[in-house]
Amino acid sequence: MNKMICYDNKEIFFNNCPACDYANHEYEISCGMAYENNLFTLSQDWELPIAGFMVISPKKHIENFNELTKLERDEMFDIVNKTINILKQNKVCDRFNVLWEEKEGRHFHAWIVPRHKWMSEKFGNITKNLNSIFNYALNNLKTEENFIEISRVSNLVKTELNKKAIN
């Protein structure tokens, strides 16, 4: 059994691959899954307490972007696009970075990283300083007030994406 610490300091236990276990509903994060279909899961980033910082992962275990089928890539981009539109329309953030994470032996996923004003004010070039921003978030944003905002934003995305899935 492996362990990681969630953005709100709760311990999450998983067997082999945290993304596969999450897709199989073997554990939950505090604000829950924002969206799920037969191919992907979308949720608040598990570890970083930044409101609107979403992670999209395929349900099948793959390590590389090019292992996705065309249908899966199209669906992934559609979910990313809808999520960013929801976050923009609800004034969570105006700009985003989308980053693909491929690590040997790890589950492929993409980050939807909001470019909040505080990031550029404190760190300048956001893309160049992502590690510093992530460390800052881990050390300074684990507050009850921020957890409430993370939950609010995650629930907003969940509500809006599930409305769109129905229509």
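First, the ground rules. This is a predicted model, in which local features need pLDDT of at least 70 and side-chain atom pairs count only at pLDDT 80 or more, while totals for chains, interfaces and linings use all residues. Residues are numbered from 1 along each chain as its sequence is written, and side-chain values use heavy atoms, with hydrogens and water left out. Helices (DSSP runs of H or I, at least four residues) and strands (runs of E, at least two) are numbered from the N terminus.

Now the cores. By a nonpolar core I mean a set of buried Ala, Val, Leu, Ile, Met, Phe, Trp, Tyr and Cys residues joined through side-chain atoms within 4.5 Å. Buried is under 20% relative accessible area, exposed is over 50%, and partly exposed is in between, with a 1.4 Å probe and protein chains only. The largest nonpolar core has 41 residues, and Ile29, Leu42, Ile56 and Val157 have the most contacts inside it. At least two residues of this core come from each of strand 2 (11–14), helix 1 (18–23), strand 3 (33–36), strand 4 (40–44), strand 5 (54–58), helix 2, strand 7 and helix 5. Apart from it lies another core, of 13 residues, including Ile126, Ile133, Phe134 and Leu141. As background, nonpolar side chains in soluble globular proteins tend to be buried together.

What does isoleucine 56 touch, leaving out residues up to four places away in sequence? The list is Phe40, Thr41, Leu42, Met76, Ile79, Val80, His109 and Ala110, where contact means heavy atoms within 4.5 Å.

Threonine 41 is in strand 4 and is buried, at 4% relative accessibility. Beyond four places in sequence, threonine 41 touches Tyr22, Ala23, Met33, Tyr35, Glu36, Val55, Ile56, Ser57 and Lys59. Threonine 83 sits in helix 2, and its relative accessible area is 0%, so it counts as buried.

Next, helix 4, residues 130–140. Its buried residues are Leu130, Ile133, Phe134 and Ala137. Why are they on the same side of helix 4? Because they cover an arc of only 100° around the axis, the arc being that of the directions from the helix axis to the C-beta atoms. Asn131 and Asn139, on the other side of helix 4, are exposed. The buried residues of the helix pack against strand 6, strand 7 (109–114) and helix 3 (117–123).

Tryptophan 100 is in strand 6, residues 96–101, and is partly exposed at 36% relative accessible area. Together with Phe77 and Val98, Trp100 forms a nonpolar surface patch of about 260 Å² of accessible area. Patches take residues with over 30% relative accessible area and no salt bridge, joining like charges within 9 Å and nonpolar side chains (Val, Leu, Ile, Met, Phe, Trp, Tyr) within 5 Å. The areas come from the Shrake-Rupley method with a 1.4 Å probe, and for residues only the protein chains shown count as cover.

Salt bridges, then. The criterion is a side-chain nitrogen of Lys or Arg within 4 Å of a carboxyl oxygen of Asp or Glu, and the whole structure has 10 of them. Aspartate 78 is partly exposed at 30%, as is lysine 82 at 27%. Another joins glutamate 160 and lysine 163, at 3.1 Å, N to O. These two are in helix 5 (residues 144–166), 3 residues apart, about one turn of the helix. A further bridge links lysine 10 to aspartate 8 at 3.4 Å, and aspartate 8 is buried, at 13% relative accessibility.

Last, the backbone. Most residues other than glycine have a negative phi. Asparagine 9 has a positive phi, near 75°, and lies in the loop between strand 1 (2–5) and strand 2. Histidine 25, also not a glycine, has a positive phi of about 60° and is in the loop between helix 1 and strand 3. Asparagine 9 is partly exposed at 44%, and histidine 25 is partly exposed at 49%.
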